[in-house]
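Please open the structure in your viewer and keep the selection tool at hand.

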Amino acid sequence: MSDHEQQQPAPCRGKVLEALARAERKVFTRPAPKSAKAQVKFLLTRAKGSTQALAERLGISRRTVERYRAGTLTTPQKRLREALAEETESEWQPQVRAQAREQASTSSGMMVDVTAYFGFTYKGCSDDGRERQITTDISPYYVKQILKLQEAGATEEELHPIVAEAITESYFTEWGTRAAGLRADFTHVSKISFRF
């Protein structure tokens, strides 16, 4: 088996983390490189030309990185294709992403569209939960907390409570104008998306 075929499994991200990454990709002003060769070349510039550093980051051999850079390998296996796309997009247009994140966390907030199982607690009693599809704005206050947690490497489970609190504030209690003391939690996320 070659180095190219002995790749490590791709890391799995949760739905909230993936939705945040998709929201950032939507603010790009130019498309990220698509071919494996272009992605490797771009990532090598970000790694200051170190094939070893890029190989470790992608979980492949240094020689495999060199083959993609030279164009002798052109079609990566699924795991490497996904890793190249994810790593490229995570490094692409950092200033554009930073501006969108700054604006969302200070003034504009974010929109969330979620389908999940919501359960409620209200003044000491609880209501049976059910699946709901909710689209609502999230205030800059909560966006700032969510983005800080994401940058700090928070897990999916660590993000759920703050996203649930943000949805409770904007959707269920309408910014404190009704149902004071209501607390909503969500589980079993079917789909979620964010929009800056």
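**A cluster of rings**

Select Phe118, Tyr171, Phe172 and Phe186 together: ring pairs join these residues into a cluster. Please bear in mind throughout that the model is predicted. The structure contains five aromatic pairs.

Next, keep phenylalanine 118 and phenylalanine 186 in view. Their ring centres lie 5.6 Å apart and their planes meet at 45°, so this pair counts as tilted. Colour strand E1 (residues 110-122), which holds phenylalanine 118, and strand E3 (residues 182-195), which holds phenylalanine 186; the pair therefore ties together parts 68 residues apart in sequence.

Now select helix H8 (residues 156-172) and find histidine 160 within it. Which residues does histidine 160 touch, leaving aside those up to four places away in sequence? They are Val16, Phe186 and Val189. Histidine 160 has a relative accessible area of 18%; because buried means under 20%, this residue counts as buried.

**An edge-to-face pair**

Move to phenylalanine 42 and tryptophan 92, which form another of the aromatic pairs. Their centres are 5.1 Å apart, with 70° between the planes, and the arrangement is edge-to-face. Phenylalanine 42 belongs to helix H2 (residues 36-46), whereas tryptophan 92 sits in the loop between helix H5 (78-91) and helix H6 (94-108). The pair thus links distant parts of the chain, 50 residues apart. Both partners are buried: phenylalanine 42 has 16% relative accessibility, and tryptophan 92 has 9%.

**Two packed helices**

Select H6 and helix H7 (residues 140-151). Their axes are 7 Å apart, and the helices pack at an angle of about 145°. On the H6 side, display Arg101, Ala104, Ser105, Thr106, Ser107 and Ser108. On the H7 side, display Pro140, Val143, Lys144, Leu147, Gln150 and Glu151. How many residues of each class make up the contact of H6 with H7? There are four nonpolar, five polar and three charged residues.

**Confidence along the chain**

Finally, colour the chain by pLDDT. The mean for the chain is 87, and 90% of its residues reach 70 or more. Then select residues 1-11, where pLDDT stays under 50. For this stretch the model has 21 contacts beyond four places in sequence.

Methods:
Residues numbered from 1 in each chain as written. Predicted model: local features only at pLDDT ≥ 70, side-chain atom pairs only at ≥ 80, totals over all residues. Heavy atoms only, no water. pLDDT = per-residue confidence, 0-100. Contact = heavy atoms within 4.5 Å. Phe/Tyr/Trp six-rings, centres within 6.5 Å; stacked < 30°, edge-to-face > 60°. Helix = DSSP H or I, 4+ residues; strand = E, 2+ residues; numbered from the N terminus. Buried < 20%, exposed > 50% of the residue type's maximum accessible area, 1.4 Å probe, protein only. Axes fitted to C-alpha atoms, helices over the stretch in contact; angles between N-to-C directions. Nonpolar A, V, L, I, M, F, W, Y, C, P; charged D, E, K, R; others polar.
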